[in-house]
Amino acid sequence: MAADSFTHALDIETDPNIFGAVNLDSFTGTTPARHLLKLTPGVPRDEHYDELAAVFRPIFAKIAAGASERDASRTLPFEPVGWLNRVRFGALRIPANQGGYGASVSDLFRLLIELAEADSQVAHLWRSHIGFVEAVLHLEDDALRHRWVERIVAGQIVGNAYTERGGNRLGTLNTKVSQQGERWILNGEKYYCTGTIYADWVAVAVSHPTRAGRQIAVVSTQHSGVKIFDDWDGFGQQLTGTGSTTFENVPVDTFLPEEQQINDPESAIFQLVLLAVQAGITRAVLNDVRSAVQARTRSFSTGTGVPVRDEPQVLQLVGEISGTAFAVDSIVLAAVAEIEVALADPSLSAAERFAVCELSADRAQSVVQPLVLGAASKLFDGLGASATAKSCNLDRHWRNARTVATHNPAIYKSRIIGDYEVNGTAPQQLNAIGDVGQHKTTDNV
């Protein structure tokens, strides 16, 4: 980060926890400037957030130092995940009196943006865990909630196995649970299992013989019947563990309550994680273009003949990217704030809460993605062909942003928003992706 994005202005020369810190003396020969810009407007100083940031920023800085190399060499970030586990990043939302940090939803997502700025792939892999923790916090079964709180506080991570690669009818699932004696056993195959390769547990979307609709069964990744494959071959976000997982006669540890699957705002939380990742990528783009312009000595024959760091059009480009980062942060955190209020509002019905959360995340998604992709492309305009060298690996920002943007395509979200604005149509909940044949299904699985 170029500045303490959410609290107060800091001296960027002396603060060791600020990414991309630069000694301005070396350029100007004057007293070091205080960096007064905040990326996000309207966020007041928050002592609790400052305390949380002090815990995690040194870890984020370590993660940032190896992010480009890990991406270039396709090295899965087991070590960075371990660093975060040691400081119990996954327990941020657990109340302090239960062993967690007592972070608000806004606290969590502000930190997640900072982590995504350090490494978008490490931030992304927490997506399923973050959604699962929110579900745990709303469990009405005290014993079940206590069991999962203890596991989360101990540093255990929960992954995700919801989507099937093909062969299942839209709204249905081929992954099933069956009863053997007093145990429930899970069998099936999943893809897009983000984070599961790093996780202790995995939440699996299944069909149940006696319950209608999609159910969530949680199993241990340590069981011999669970096979996790690093076979995600997308051109971006290659280190998130978004590959396939197979389950053969795996005992179920927990079923999430059936009633909790109805109008669950989990999908909005999942989308907010992706938006936070996009915000972090935009910050990282700003960091890299700033550093590259400051360091560049070569100029173009078509320039004005001044050093690149004084070239008016290059400064304009950096300013535009800074403005984009400002806007993206603002939009994402505005959506987070709206959802945080909805989650805590007892006057809303479950269906109303679901609609508010979905529409808030959808509106942000429809605007954020083109801004991020534009910034990741514009990065190269002020640097020239040398910036495309593989050793620079600056293309990772566009590749990663483009890959994140393909999740839950924004074109559908814009249509949903428009239908609500014009016709008052509430967002629909269909909890399983699948094949569409000649006959559409009405099953809500």
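**Around L115**

Analyst: Leaving aside neighbours within four places in sequence, L115 is in contact with F60, I63, L84, F89, V122, A123 and W126. Contact means heavy atoms within 4.5 Å.

User: What should I know about the model and its numbering?

Analyst: This is a predicted model: local features need pLDDT of at least 70, side-chain atom pairs count only at pLDDT 80 or more, and totals for chains, interfaces and linings use all residues. Residues are numbered from 1 along each chain as its sequence is written, and side-chain values use heavy atoms, with hydrogens and water left out.

User: Ok. How many residues does the largest nonpolar core have?

Analyst: The largest nonpolar core has 76 residues. Those with the most contacts inside it are L84, F89, L92, F109, L112, L115 and W126. A nonpolar core is a set of buried Ala, Val, Leu, Ile, Met, Phe, Trp, Tyr and Cys residues joined through side-chain atoms within 4.5 Å. Buried means under 20% relative accessible area, exposed over 50%, and partly exposed in between (1.4 Å probe, protein chains only).

User: Which elements give two or more residues to this core?

Analyst: They are α2 (47-65), α4 (78-86), α5, α6, α9 (266-295), α10 (312-344), α11 (350-378) and α12. The largest share, 14 residues, comes from α9. Helices (H or I, at least four residues) and strands (E, at least two) are DSSP runs, numbered from the N terminus.

User: And what lies apart from it?

Analyst: Another core, of 22 residues. I94, V133, V149 and F270 are among them.

User: New topic: strands. What order does the open sheet have?

Analyst: The order of its 4 strands is β4-β5-β9-β8, with antiparallel pairing. Two strands pair if DSSP finds at least two bridges between them. β4 (176-180) and β8 (226-228) stand at the edges, each with a single partner strand, so one side of each is left without a neighbour in the sheet.

User: How many bridges join β4 to β5?

Analyst: 5 bridges join β4 to strand β5 (residues 183-190). The bridge partner of S178 is I185, in β5.

User: What about N249, in β9?

Analyst: N249 is found in strand β9 (residues 245-251). Its phi is near 50°, a positive value in a residue other than glycine. N249 is partly exposed, with a relative accessible area of 40%.

User: Last one. Is D119 buried or exposed?

Analyst: D119 counts as buried, at 4% relative accessibility. D119 sits in the loop between α5 (105-118) and α6 (120-124). Leaving aside its neighbours within four places in sequence, D119 is in contact with I63, A67 and R70.
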